[in-house]
Amino acid sequence: MNIALFSDSYLPTKSGIVTVVVQLKKILTELGHHVVIVTVSANEKEEPVPEDPDVLRVYSIPAPVGDNQYIGFPHKKVVVEFLKKHKVQIIHSHTEFYIAHAAKQAGRILHIPVIATTHTMWEDFYKYYFFNVGKLVPVRVIRKIVQRLYKKFYAFINVSDKARMYFKSSFMLPNIPSAVIPNAVDTEAFLSHKFTEEDKIQLRQKLGIGENDVTMLFTGRVVEEKRVIELFEVISRVLQKRQNVKMIFVGAGGASYDLEKATARRNLKDKIIFTGFIDWKELALYYSIGDIFVTASLSEMHSMTALEAMLSHLPIVCRKDESFFDTVFHGKNGFMADTDEEMDDYILRLVDDKNMRKQFGEESFEISKNFSIRTHGLRTVAFYEAVLKSYPWPISDKQLEQAVASVK
């Protein structure tokens, strides 16, 4: 099968969507398919990107939605010729903006299906961007925009039941057929970066973490929509009650500066650590020195960092949200809190009980096995095959669900 993945995010930029696209390309290729990418141009300030005949980069400008994000402006004719050259049979979009529009245009011209993965809950994101003007925009306006951006796709892959329920809502696009294929972790790649006990000791010493400290960990973009400010307040309360606790924010983002200032004001610089950007190749080492993974985010569709934490044998404390329903099982591998304040008690229970941390961490690792990259790839291929079999005639939810369910 010849497949084109369209995305506004790709290497050398780092993000959850980049990880998804890179992993999907890798596993589809390993399964014997030919995969090409249509994406934004690379930032000249970042590391040079080698020429790749299977990657078409289009003219792009920085986007007002966070660091290292871009808006691409594809030339329709160039895109169509690229897809023709590679004899593409199906287009899979991982964006909803201009590059997605080019995907739908190319699909119509070439008479091939165009599907999309619904990665982003824009209702939760938009208010933090667009130079703070977003906070003045009513949510109904955002819903109309999202509906318009997504309405011409042939079918959806939803990364969670949360995503599926949102797009099946009466105010969204309930008639577009879809199935759920959760995100996955490339276990082999994640665990391939070997490190020793000495490496862990050196990192703990570098960060000022004592041998008997219990270490909490957040990984990802340190930005407002991840509710890192609320998480900071949770952590501050926990630190007031326990002296043997440290917190590491692993990642960079627009909220980092304000949080570091707040840390200094509260005299917590020896307790709360900000690493800044960490290369994905080093992430496994940081997870390995953690004891508890914590997040207060309510804007996830299906958290990649939670999957990485589970693969790293960590218990998880999060806010109760549908995006975690297939990864965090309350009282088994972590806790889901109804409020931010409730997170305090759950974190303290794990801080005080080493055996519980170990037991929950082992359960996390077992659950992580349900999200292998190979299973993800096979389910995606089954989805593609069902689409190609039906196109150009309509396909049903049931057909897509049965195709995905056929992969165990």
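Is Lys 200 buried, partly exposed or exposed, and what is its relative accessible area?

**Solution 1.** The model is predicted: local features need pLDDT of at least 70, side-chain atom pairs count only at pLDDT 80 or more, and totals for chains, interfaces and linings use all residues. Residues are numbered from 1 along each chain as its sequence is written, and side-chain values use heavy atoms, leaving out hydrogens and water.

Step 1: take the cut-offs, where buried means under 20% relative accessible area, exposed over 50% and partly exposed in between (1.4 Å probe, protein chains only).
Step 2: Lys 200 has a relative accessible area of 21%, so Lys 200 is partly exposed.
Step 3: Glu 197, at 52%, is exposed.

**Exercise 1.** Find which residue meets the side chain of Lys 200 in a salt bridge, and where the two lie.

**Solution 2.** Step 1: a salt bridge is a side-chain nitrogen of Lys or Arg within 4 Å of a carboxyl oxygen of Asp or Glu.
Step 1: the partner is Glu 197, at 3.3 Å, N to O.
Step 2: both residues lie in helix α8 (residues 197-207), 3 residues apart, about one turn of the helix. Helices (H or I, at least four residues) and strands (E, at least two) are DSSP runs, numbered from the N terminus.

**Exercise 2.** Explain why strand β10 (residues 214-219) counts as largely enclosed.

**Solution 3.** Step 1: on one side, Val 214, Met 216 and Phe 218 are buried.
Step 1: 6 of the 6 residues are buried, so the rest of the structure largely encloses β10.
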